[in-house]
Amino acid sequence: MGLVSNVRTAVRVGVDVMAVGEVQRSIDAFGDRYLTRVFTEHELACTAGDDATRARGLAARFAAKEATLKVLHTQDAQPDWRSIEVRRTAGGWCEIKLSGRAADLAHQQAISDLDVSMSHEGSTAVAVVVAACAEQRGSEL
Amino acid sequence: MDDRIRDVLDQHGRLGVDVGKLDDRADLYEAGLTSHASVNVMLGLEDAFDIEFPERLLRKSTFASVDSIRSALAELSVQ
């Protein structure tokens, strides 16, 4: 009997809800400083519109960033919020693109693929992130 | 310094408790501080003390208590 290491793909799921009003409150309090510290140029461009449209879109994106942090098991680390970017594709759906410390955390944990789904209804936005994660496992023969 | 920290927490922390009655070492996340609210607290502290938090201090533990915020500000030479 011996141990043989193999790799299996595990799935991680993160979810977060965000009050749209909280995002609007932050925009009112801090304006561009809040927007540019938390969101990328692409995210801000994708959510341009009237105040309500922008706040809904940004709340969903913040929820996606927080859901991604849950998937990354960040513990005390707090990657730059902009290093987790929600990218809208040409097809209209959204993807998560990591950079900087967030990308390092994903690499360290062998997280290869991230998928995101976002929605909002009334005063609440929600996002779910699913990640594929290669896990080293020992199995007995 | 502590009064200004507590003012920022009161204004931006969205805590479910009376900030004035919080112990210096009380866990702010347990008191209701969310990740999003911690961004506002960070920005509020930057305004109040005319500083900018460097990336090395952008950790959850930096904003975990009045004590930890005071330590971070001291590291940034805030009197």
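Author: The part to start from is B:Leu73, which sits in helix H3 of chain B, the helix formed by residues 66-75. The model is a predicted one, and what follows should be read with that in mind. With a relative accessible area of 0%, B:Leu73 counts as buried, because that value is under the 20% cut-off. Leaving aside residues up to four places away in sequence, the residues that B:Leu73 touches are B:Met1, B:Ile5, B:Phe49, B:Ile51, B:Phe53 and B:Val78. One of these, B:Met1, is 72 residues away from B:Leu73 along the chain, yet the C-alpha atoms of the two are separated by 9.2 Å.

The chain around this residue can be described next. Chain B contains three helices and zero strands, and its elements, read from the N terminus, follow the order α-α-α. Its radius of gyration is 11 Å, close to the 12 Å that the globule rule gives for 79 residues, so chain B is as compact as a globular protein of that length. Taken along the principal axes, the box filled by its C-alpha atoms is roughly 30 × 20 × 20 Å. B:Leu73 is buried, and 51% of the 79 residues of chain B are counted as buried too. Where contacts in chain B link residues at least 6 apart in sequence, 51% of them join residues at least 24 apart.

As for the surface, chain B exposes about 4000 Å², of which carbon and sulfur atoms supply 41%. Its side chains include 9 positive and 16 negative ones, and the centres of these two sets lie 4 Å apart.

Chain B also meets chain A, with 18 residues of chain B in contact with 20 residues of chain A. The size of an interface is often given as the accessible area lost when the parts come together. Here the two chains bury about 1800 Å² between them, and 46% of that area is on carbon and sulfur atoms. On the side of chain A, the residues A:Phe30, A:Arg37 and A:Asp76 supply 34% of the area that this chain buries against chain B, more than any other three residues.

A:Val11 lies in strand S1, residues 3-19 of chain A, and counts as exposed at 58% relative accessibility, whereas B:Leu73 is buried. Apart from residues up to four places away in sequence, A:Val11 touches A:Val130 and A:Ala131.

Notes
Residues are numbered from 1 along each chain as its sequence is written. Chains are lettered from A and ligands numbered from 1 in the order in which they are written. This is a predicted model: local features need pLDDT of at least 70, side-chain atom pairs count only at pLDDT 80 or more; totals for chains, interfaces and linings use all residues. Side-chain values use heavy atoms; hydrogens and water are left out. Helices (H or I, at least four residues) and strands (E, at least two) are DSSP runs, numbered from the N terminus. The radius of gyration is taken over C-alpha atoms; the globule rule is 2.2 Å times the number of residues to the power 0.38. Buried means under 20% relative accessible area, exposed over 50%, partly exposed in between (1.4 Å probe, protein chains only). Contact means heavy atoms within 4.5 Å. Accessible areas come from the Shrake-Rupley method with a 1.4 Å probe; for residues, only the protein chains shown count as cover. Lys and Arg count as positive and Asp and Glu as negative; His and the chain ends are not counted. The place of a charge is taken as NZ of Lys, CZ of Arg, CG of Asp or CD of Glu. Buried area is the accessible area (1.4 Å probe) that two parts lose on being put together, summed over both.
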